[in-house]
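Please look over the sequence and the structure below before reading on.

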Amino acid sequence: MSKEFRIYQDNDKQIIERLSYPRFRGVITFGSLSDIEEVELLDQCNNPLQLAKAMREAGEFILNYKPDKL
């Protein structure tokens, strides 16, 4: 399990949060345009390539995510 991301419930929404720079959080939607919407940047990042890489890694994390067993 990656230590760069965490997934959690916030009311009726499932949220993914990146814990390392550039940090962000967004709602997991599996929508037609993106799997992550309502993205909120938590760090100032002026490098669009770095942000795109972080979002791609988040998408890969979601695809491979297996919740912890209780």
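In this predicted model, β1 and β2 pair in the antiparallel sense, and six bridges link them. β2 also runs antiparallel to β3, to which four bridges join it. The points below take up the strands and then what packs against them.

**Strands and hairpins**

- The hairpin of β1 and β2 has two residues between its strands, and in it Asn11 takes a positive phi near 60°.
- Five residues lie between β2 and β3, which also form a hairpin.
- Ile16 in β2 is the bridge partner of Ile7.
- Glu17 has its bridge partner in β3, and that partner is Arg25.

**The nonpolar core**

- The largest nonpolar core has ten residues: Phe5, Ile7, Ile16, Phe24, Ile28, Ile36, Ala54, Ala58, Phe61 and Ile62.
- Two or more residues of this core come from each of β1 (5–10), β3 (24–28) and α1 (48–64).
- The element that gives the most to this core is α1, with four residues.
- Ile16, a member of the core, touches residues that include Phe5, Ile7, Phe24, Ile28 and Ile36, when residues up to four places away in sequence are not counted.

- α1 has 17 residues, and the distance from its first C-alpha to its last is 24 Å, close to the 24 Å expected at 1.5 Å a residue.
- Ala54, Ala58, Gly59, Phe61 and Ile62 are the buried residues of α1.
- These buried residues line one face of the helix, because they fall within an arc of 160° when seen down the axis of α1.
- As a general point, an α-helix has 3.6 residues a turn, so residues three or four places apart point the same way.
- What do the buried residues of α1 pack against? They pack against the strands β1, β2 (13–18), β3 and β4 (36–41).
- Leu49, Leu63 and Asn64 are exposed residues on the face of α1 turned away from its buried side.
- At the start of α1, the backbone nitrogen of Leu49 has a side-chain oxygen of Asn47 within 3.0 Å.

**Glu17**

- Glu17 lies in strand β2.
- Is Glu17 buried or exposed? The relative accessible area of Glu17 is 10%, and a residue counts as buried under 20%, so Glu17 is buried.
- A polar contact of 3.5 Å joins the side chain of Glu17 to the side chain of Tyr8.
- Leaving aside residues up to four places away in sequence, Glu17 touches Glu4, Phe5, Arg6, Tyr8, Phe24, Arg25 and Leu42.

**Arg6**

- Arg6 has its place in strand β1.
- Residues up to four places away in sequence aside, Arg6 touches Ile15, Ile16, Glu17 and Leu19.
- Arg6 and Leu51 are 45 residues apart along the chain, and 17 Å separates their C-alpha atoms.

How values were computed. Residues numbered from 1 in each chain as written. Predicted model: local features only at pLDDT ≥ 70, side-chain atom pairs only at ≥ 80, totals over all residues. Heavy atoms only, no water. Core = buried A, V, L, I, M, F, W, Y, C linked by side-chain atoms within 4.5 Å. Buried < 20%, exposed > 50% of the residue type's maximum accessible area, 1.4 Å probe, protein only. Contact = heavy atoms within 4.5 Å. Expected span 1.5 Å × (residues − 1). Arc of directions from axis to C-beta. Polar contact = N/O pair within 3.5 Å; in protein donor to acceptor, adjacent residues only side chain to side chain. Pairing = 2+ DSSP bridges.
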